[in-house]
Amino acid sequence: MKAPLTYVFFLLLISCSSTCESSTLEDTCKSFAAGHPSIGYSYCVKTFHADSRSATADSRGLAAIAAKIAEANANGTARRIAALRASEEDSRRQERLGVCAEVYSDAVDQLGEAAEDIARGEDKSTRDALTRLSAALDAPGTCEDAFGEADDTSPLLAEDAEFRKLATIALAVAASLLPPPSTLTKCL
Ligand SMILES: *[C@@H]1O[C@H](CO)[C@@H](O)[C@H](O)[C@H]1NC(C)=O
């Protein structure tokens, strides 16, 4: 019985090496989850699975993909806001939705530019990307505040929460591309 078992073991090992291998994606999501336990590892991996290029991308590629995934999500939310506005009869509520429409439209632009900055591959362009990603990350809070300040229930609570998670992933993965600040100058 020993030989067949060994054979099965090697078969498993071989099939595993193509699918269970630790990848850049897994490493990236592991370190993301360590810093953001409330969003977590499986949400991170699931997010990247929306783009098949994630499986073979390096960490810079993953950062650009994360920005594009957040951009696509912001596009979807912008469309939803436009639909809500079109059917809203209360003018004050229309105005609140207008705030959300504006910040999500800006976020789409910022995320698109951030993805290009990341792809450029320089430290300077990566820092520009971080500025744009941080600005995009403010969109859901600004949108929620427009409703919160008016004591009105936001119709975009779920969208805002989802986008916040996606933008957080994009920002964190892009931030990890920069070299850690040098401690050498402090020691000298
Ligand atoms: C978002 O929408 C803009 C404008 O419609 C479009 O150009 C862009 O490709 C979309 N981005 C994504 C990632 O779907």
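**Close-up views of a predicted helical chain**

**View 1. Ser23 in the loop between helix 1 and helix 2.** Ser23 is found in the loop that runs between helix 1 (2–19) and helix 2 (24–35), where helices are DSSP runs of H or I with at least four residues, strands are E runs of at least two, and both are numbered from the N terminus. The model is a predicted one, in which local features need pLDDT of at least 70 and side-chain atom pairs count only at pLDDT 80 or more, whereas totals for chains, interfaces and linings use all residues. Residues are numbered from 1 along each chain as its sequence is written, and side-chain values use heavy atoms, with hydrogens and water left out. A polar atom in the side chain of Ser23 lies 3.1 Å from the backbone nitrogen of Glu26; a polar contact of this kind is a pair of N or O atoms within 3.5 Å, and within protein one atom must be able to donate a hydrogen and the other to accept it, while residues adjacent in sequence count only if both atoms are side-chain atoms. Between the C-alpha atoms of Ser23 and Ser54, which are 31 residues apart along the chain, the separation is 9.9 Å.

**View 2. Ser54 in the loop between helix 3 and helix 4.** Ser54 lies in the loop that joins helix 3 (41–48) to helix 4, and with a relative accessibility of 1% Ser54 counts as buried. Here buried means under 20% relative accessible area, exposed means over 50%, and partly exposed is in between, with a 1.4 Å probe and protein chains only. The side chain of Ser54 reaches the backbone oxygen of Phe48 at 2.8 Å. Leaving aside neighbours within four places in sequence, Ser54 is in contact (heavy atoms within 4.5 Å) with Leu25, Phe48, Leu62 and Ile65.

**View 3. Ser42 in helix 3.** Ser42 is found in helix 3 and counts as exposed at 57% relative accessibility. The C-alpha atoms of Ser42 and Lys30 are separated by 9.2 Å, although the two residues are 12 apart along the chain.

View 4. Around the ligand are Lys68, Glu71, Ala72 and Asn75, a residue being near a molecule or strand if one of its heavy atoms lies within 4 Å of it. A polar side-chain atom of Glu71 lies 2.9 Å from a nitrogen atom of the ligand, and an N or O atom in the side chain of Asn75 is 2.4 Å from an oxygen atom of the ligand. On its own the ligand has 360 Å² of accessible area, of which the protein covers 39%; accessible areas come from the Shrake-Rupley method with a 1.4 Å probe, and for residues only the protein chains shown count as cover. By class, the shell consists of one nonpolar, one polar and two charged residues, where Ala, Val, Leu, Ile, Met, Phe, Trp, Tyr, Cys and Pro count as nonpolar, Asp, Glu, Lys and Arg as charged, and the others, Gly among them, as polar. Ala72 is found in helix 4 (residues 59–87) and is partly exposed, with a relative accessible area of 48%. In sequence Ala72 and Phe163 are 91 residues apart, while in space their C-alpha atoms are 9.9 Å apart.

**View 5. The buried face of helix 7.** In helix 7 (residues 139–148) the buried residues are Ala139, Pro140, Cys143, Glu144, Ala146 and Phe147. Seen down the axis of helix 7, these buried residues fall within an arc of 150 degrees, so they line one face of the helix; the arc is that of the directions from the helix axis to the C-beta atoms. An α-helix has 3.6 residues a turn, so residues three or four places apart point the same way. What covers the buried residues of helix 7 includes helix 5 (91–120), helix 6 (123–137) and helix 8 (157–175).

View 6. The side chain of Ser154 reaches the backbone nitrogen of Leu157 at 3.4 Å. Not counting residues up to four places away in sequence, Ser154 touches Glu144, Phe147 and Asp160.

**View 7. The whole chain, for orientation.** The chain has nine helices and zero strands, and 39% of its 188 residues count as buried. Among the contacts with a separation of 6 or more, residues 24 or more positions apart account for 66%.
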